[in-house]
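These are my notebook entries on a structure that is new to me. I begin with confidence and then turn to the fold, the cores, the salt bridges and the strand pairs.

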Amino acid sequence: MDTPMDRRRMLSAAALGTTAALVGATAFGSLAPEAAFAATGPAAGPATAPDLDAPDPNFAEGRITGIAGTTLLVTGSDKTLWRIRVTNGSSIWKLRPTTFDRIAVGDGLYARGARLADGSLAADSIWVNIVNLQVHIAAIGRNVVHFDHKGRRIVGHVVPGTSAAVYNSTPAIGDLSLLKVGAHIQVLGAWLPDTNEIEIATVYAAA
């Protein structure tokens, strides 16, 4: 098992271009969208529950304001300025596992990695435009679900072959036909900045 020091050493070496090893970030943890919220979700047990008053130096969130080479320039929601270095050891999620060229200025992100001596973050996992919403289903159409989120309508697009549903905590399946208007569900997905709509990754619902 990789220790935090092993992880930091590998990411630092990758960021500096001194490693030839192409080690997927999933060696350090899951790239599944649920992992982006693991530290604050119900799966986090007492031993791993974070001190919410203490910022995690190895976690970043915000909007991408620029891309310089393989470094993402990000402004956090609290105005923190981040430099996130994407290495050949970084794993990227944008609705599904993807590649660096799919990241664009204006995208939002969550990133986990290891802080380097120069203050930048060498990313092992990046979740681009990920959203985690508690919603009610307002309407259902062909490959689209209309959500009510705190009184605001959001259009959720079903992406065939990618979108999945978890009913009653059973394994995820691609059939979303059991969703019902009026049901309260949780949605993980990818925000579409141009339209303010989302693409659905996984919904959690009662059948």
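**Entry 1. Confidence**

I first asked which elements of the protein have the lowest and the highest mean pLDDT. Helix α1 (residues 4-15) has the lowest, 54, and strand β2 (residues 71-75) has the highest, 97. I noted that pLDDT is the predictor's confidence in each residue, from 0 to 100. Helices (H or I, at least four residues) and strands (E, at least two) are DSSP runs, numbered from the N terminus.

I recorded the conventions next. The model is predicted, so local features need pLDDT of at least 70 and side-chain atom pairs count only at pLDDT 80 or more, while totals for chains, interfaces and linings use all residues. Residues are numbered from 1 along each chain as its sequence is written, and side-chain values use heavy atoms, with hydrogens and water left out.

For the protein, I found a mean pLDDT of 83, with 77% of the residues at 70 or more. I then looked up two stretches where pLDDT stays under 50. Over residues 1-5, the model has 3 contacts beyond four places in sequence; over residues 16-28, it has 24 such contacts. A contact means heavy atoms within 4.5 Å. Where pLDDT is low, the predicted coordinates should not be read in detail.

**Entry 2. Fold and surface**

I counted 1 helix and 12 strands in the secondary structure. Among contacts between residues at least 6 apart in sequence, 59% join residues at least 24 apart.

Of the 207 residues, 42% are buried. Buried means under 20% relative accessible area, exposed over 50%, and partly exposed in between (1.4 Å probe, protein chains only). The accessible surface comes to about 11,000 Å², and 56% of it belongs to carbon and sulfur atoms. Accessible areas come from the Shrake-Rupley method with a 1.4 Å probe; for residues, only the protein chains shown count as cover.

**Entry 3. Nonpolar cores**

Which residues touch the most other members of the largest nonpolar core? I found Phe147, Ile185, Val187 and Val203, in a core of 19 residues. The elements that give two or more residues to this core are β7 (130-141), β8 (144-149), β9 (152-158), β10 (164-167), β11 (184-192) and β12 (197-205). A nonpolar core is a set of buried Ala, Val, Leu, Ile, Met, Phe, Trp, Tyr and Cys residues joined through side-chain atoms within 4.5 Å.

Leaving out residues up to four places away in sequence, Phe147 touches residues including Val135, Ile137, Ile154, Ile185, Val187, Ile198 and Ile200. Apart from this core lies another, of 15 residues, among them Val74, Leu121, Ala123 and Ile126.

**Entry 4. Salt bridges**

How many salt bridges does the structure hold? I found 4. A salt bridge is a side-chain nitrogen of Lys or Arg within 4 Å of a carboxyl oxygen of Asp or Glu.

In one of them, the side chains of Arg112 and Asp56 meet at 3.7 Å, N to O. Arg112 lies in strand β5 (residues 108-115) and Asp56 in the loop between α1 and β1 (59-68), so the pair ties together parts that are 56 residues apart in sequence. Arg112 counts as buried at 18% relative accessibility, whereas Asp56 is partly exposed at 38%.

Arg85 forms a salt bridge with Asp118, with 3.3 Å between the closest N and O atoms. Arg85 is in strand β3 (residues 81-93) and Asp118 in the loop between β5 and β6 (121-128), 33 residues apart. Asp118 is partly exposed, with a relative accessible area of 40%.

The side chains of Asp107 and Lys94 meet in a salt bridge at 2.9 Å, N to O. Asp107 lies in the loop between β4 (97-98) and β5, and Lys94 in the loop between β3 and β4, so the pair ties together parts that are 13 residues apart in sequence. Asp107 is buried at 5% relative accessible area; Lys94 is partly exposed at 22%.

**Entry 5. Strand pairs**

I turned to β1 and β2, which pair in the antiparallel sense over 5 bridges. Two strands pair if DSSP finds at least two bridges between them. Ile64 stands opposite Val74 in β2. The two strands form a hairpin with 2 residues between them, and Gly69 in the turn has a positive phi of about 65 degrees.

β2 and β3 also pair in the antiparallel sense, over 5 bridges, and Leu73 stands opposite Arg83 in β3. Their hairpin has 5 residues between the strands, and Lys79 takes a positive phi near 75 degrees.
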